[in-house]
Amino acid sequence: MTAYLLKRLIIAALTLVLASIVVFAVMEILPGDPARLMLGMNASADQVEVLRDQMGLNAPLVLRYLHWAAGLLSLDFGRSYTYSVPVIDLVRERVGVSLPLALIALTLSTIIAIPVGVFSASRQGRAGDTLAMGAAQLGVAVPNFWFALMLIYLFAVWLHLVPAGGFPGWSAGIWTALKSLLLPAVALALPQAAILARVARSALIEVLNEDYIRTARAKGLPYRAVLWRHALRNAMIPVLTILGLQFAFLLAGTIIIENVFYLPGLGRLIFQAITQRDLIVVESIVMLLVAAVILINLLVDFSYAIVDPRLRGRQ
């Protein structure tokens, strides 16, 4: 396990370095001059040049990358061109919305998907399986922003149960804040639950056809006990893989939902920074999200050995 852990950490570090180079290079080739955008089109060339010097945009490309990468290692992400505040302060403020939103959505998708997947696998080929997988296919096909609009119309406009958008802040009370995150979390969770349910069903069907499952049934164990205690645990490896990918997506891919519900999260901040050509904000947040994805994948890899003890010997 020590060698496996060390190998995974080295791969993660190399991935981070490669991702930082790619992110920095992509931001550099994007059209538009941040200094020109900040000063406006009526600014003179001398004014733009002075601001570029102040922002460090005239330094050699390699030195700019090394300075930026060193700042990332020390959690000094620089200063936003648009907001004139440290980027870390913007991240700290916005992650208090995006992280709870992702966790709530992931919890909801898991609560929905696992029972649906087990139900469908246990009734393979029957009407219940067809209905469950048909609903899952619909959930995969329909985009989450459509779910978001329908949820707003039903629960906010028609029933007046929850706010249609905005975030009052955690200082307004936990329940008030959670109510404002409920609809966006459901809109994010439904498509992810559909994907997870299909994966859980496929993994369970494969496990239920194994010899040891037939042996357990032949010894007289109830089908429900075999399904939930033995088959489900051994089918959890692909499910855990999808869960890790989904959490990374929910944390990084909420731009559309946060804009639909007008939530001040990381997704909305990235969208605003891109439109305002605030490169330092975009680069720093993207790298934070890349690091979060790599960390989540590491945790998923380590969880394999907990779920399936056979893998510890192989590793």
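Biologist: Is R64 buried or exposed?

Modeller: The general idea is a set of cut-offs on relative accessible area: buried means under 20%, exposed over 50%, and partly exposed in between, with a 1.4 Å probe and protein chains only. R64 has a relative accessible area of 16%, so R64 is buried. This is a predicted model, in which local features need pLDDT of at least 70 and side-chain atom pairs count only at pLDDT 80 or more, while totals for chains, interfaces and linings use all residues. Residues are numbered from 1 along each chain as its sequence is written, and side-chain values use heavy atoms, with hydrogens and water left out.

Biologist: Which residues does R64 touch?

Modeller: A contact means heavy atoms within 4.5 Å. Leaving aside residues up to four places away in sequence, R64 touches F24, E28, G56, L57 and A59.

Biologist: In which helix is R64 found, and how is the span of a helix judged?

Modeller: Helices are DSSP runs of H or I with at least four residues, strands are runs of E with at least two, and both are numbered from the N terminus. The expected span of a helix is 1.5 Å times one less than its number of residues. R64 belongs to helix α4. Helix α4 covers residues 61-73, which is 13 residues, and reaches 19 Å from its first C-alpha to its last, close to the expected 18 Å.

Biologist: Which residues of α4 are buried, and which are exposed?

Modeller: In α4, the buried residues are R64, Y65, W68, A69, G71 and L72. They cover an arc of only 160° around the axis, and therefore lie on the same side of α4; the arc is that of the directions from the helix axis to the C-beta atoms. V62, L63, H67 and L73 are exposed on the other side of α4. After α4 comes L75, whose phi is positive, near 60°.

Biologist: Where is S109 found, and which residues does S109 touch?

Modeller: S109 is found in helix α5, residues 87-122. S109 counts as buried because its relative accessibility is 0%. Beyond residues up to four places away in sequence, S109 touches A189, Q192, A193, L196 and Q246.

Biologist: How many residues of helix α13 are buried?

Modeller: Helix α13, residues 266-275, is mostly covered, with seven of its ten residues buried. The buried residues are L266, G267, R268, L269, I270, Q272 and A273. R277, which follows α13, has a positive phi, near 60°.

Biologist: How many helices and strands does the protein chain have?

Modeller: The protein chain has 15 helices and zero strands. Buried residues make up 43% of its 315 residues. Its C-alpha atoms fill a box of roughly 85 × 55 × 35 Å, taken along the principal axes. Among contacts in the protein chain with a separation of 6 or more, 71% join residues 24 or more positions apart.
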